[in-house]
Amino acid sequence: MEHLAKFSHVNKYYLVHAFTDEYGISPINYLMHARVKKAEKLLATTDYSLSVISHTCGFSSSSYFSQTFKKVAGVSPSSYRKTVKSDHGEMEDLSR
């Protein structure tokens, strides 16, 4: 936020308020949801470890990634992967 505020020549608190008013979500929550969405895609389409995915999506640690993912998605990253992979497998079986 510091960089964006300097770049746009506005106070960072004003920037947070304006962003929240415009999008209905705070910048930090927006970023958290965007990171989880990216993680969901990686969990569904790759076999990368949770550690690699957490790092790739910008989380400071695997445990923080798991906590945040569960808070946003409602399930743990590994449960999400199992569900998506099993659903995808069932879809492949039905198409044969």
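User: What do the numbers and values rest on?
Analyst: Residues are numbered from 1 along each chain as its sequence is written, and side-chain values use heavy atoms, without hydrogens and water. In this predicted model, local features need pLDDT of at least 70, side-chain atom pairs count only at pLDDT 80 or more, and totals for chains, interfaces and linings use all residues.

User: How many aromatic pairs does the structure hold?
Analyst: Six. Rings of Phe, Tyr and Trp (its six-membered ring) pair if their centres lie within 6.5 Å; planes under 30 degrees apart count as stacked, over 60 as edge-to-face and the rest as tilted.

User: Why is the pair of Phe19 and Tyr23 called tilted?
Analyst: The ring centres are 4.8 Å apart and the planes stand at 40 degrees, so the pair is tilted. Both residues lie in helix 2 (residues 12–23), four residues apart, about one turn of the helix.

User: What makes Tyr23 exposed?
Analyst: Its relative accessible area is 54%. Exposed means over 50%, buried under 20%, partly exposed in between (1.4 Å probe, protein chains only). Phe19, at 22%, is therefore partly exposed.

User: Why is the pair of Phe69 and Tyr80 called edge-to-face?
Analyst: The planes stand at 70 degrees with the centres 5.6 Å apart, so edge-to-face applies. Phe69 in helix 5 (residues 62–73) and Tyr80 in helix 6 (residues 77–94) are 11 residues apart, and the pair links distant parts of the chain.

User: Is Phe69 buried or exposed?
Analyst: Buried, at 0% relative accessibility. Phe69 also belongs to one aromatic cluster with Phe59, Tyr64, Phe65 and Tyr80.

How values were computed
Helix = DSSP H or I, 4+ residues; strand = E, 2+ residues; numbered from the N terminus.
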